[in-house]
Amino acid sequence: MNKLKAIIFDLDDTLYSERDFVLSGFKAVAAWASLNLGISEEKGYATLFSLYNAGIRNNTFDRWLTINDINRPEIVAELLDIYRQHLPKISPFSESIELLQALSPSYKIGLVSDGYLEVQQKKWSALGLDDFFDAVVFSDSLGRENWKPSTAPFQLVLEQLKIDPKFSVYIGDNPRKDFFGARQLGMYTIQVKRTESEYGNLQPPGLDYCPHLTIDSLVEVLTSIDKLEQHQALF
Ligand SMILES: [Mg+2]
């Protein structure tokens, strides 16, 4: 009989690739800019794509306007709106669906996800995973101060699932914020650290930010849960 009762997931870069969301947003921005700024859609997208591949994660749209000789910084807010409000074309990792199918007969399934509420809701509806989930918490609905690593969104998901923290596992990718709040409550934690992971190599700020287990892919989740079941006393 399982001791663990609930498996709770992070969203971005855990159940789908956040890069796909970013590129989908860039496509929406490039389409808008071709109509409104006279930048060719194909070229506009190619430039955004190369900025992303070069590791640019801040002020992307400012840089992009500069590259295109457009000196209208007031447009950046508009581009950000288009990016955040577009209907994303994203899909879950294939192993996400296989895993959820395998887990859902035996465990309650939950989500705790950070990010702007509207953006996360659009991603969530595009991914089509909702039927697998018994509780979904977007931390932004509790206010910006309750984004991870706050314990608040974890508390809420556990309340909704009616599960004691010590019988639950949180699976995420980012050691800066995913595991601290969960561990504070007594949940188990697993980091999925893909080779192409954007945040996986960030240094956890302290020991209590570290996951109990680290795996390379969601494929290893079932084995990890077995390990946690067998060795609960070790943690
Ligand atoms: Mg994440």
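Hi everyone, let's begin where the two domains meet: 9 residues of domain 1 are in contact with 7 residues of domain 2, contact meaning heavy atoms within 4.5 Å. This is a predicted model, where local features need pLDDT of at least 70, side-chain atom pairs count only at pLDDT 80 or more, and totals for chains, interfaces and linings use all residues. Residues are numbered from 1 along each chain as its sequence is written, and side-chain values use heavy atoms, with hydrogens and water left out.

Which residues belong to which domain? Domain 1 covers 6-17 + 91-234, and domain 2 covers 19-85; such bounds come from an automatic or database domain assignment.

Back to the interface. The two domains bury about 710 Å² between them, 49% of it on carbon and sulfur atoms. Buried area here is the accessible area (1.4 Å probe) that two parts lose on being put together, summed over both. On the domain 1 side, S17, V119 and E198 supply 52% of the area buried against domain 2, more than any other three residues.

E198 also forms a salt bridge with R57, with the closest N and O atoms 2.7 Å apart. The rule asks for a side-chain nitrogen of Lys or Arg within 4 Å of a carboxyl oxygen of Asp or Glu, and it finds 1 salt bridge across this interface.

Finally, the metal. D10 (OD), D12 (O) and D173 (OD) coordinate the magnesium ion at 2.1 to 2.2 Å. Donors are N, O and S atoms within 2.8 Å of the metal (3.2 Å for Na, K and Ca); water is not among the atoms, so sites may look incomplete. Both D10 and D12 are buried, that is, under 20% relative accessible area, with exposed over 50% and partly exposed in between (1.4 Å probe, protein chains only).
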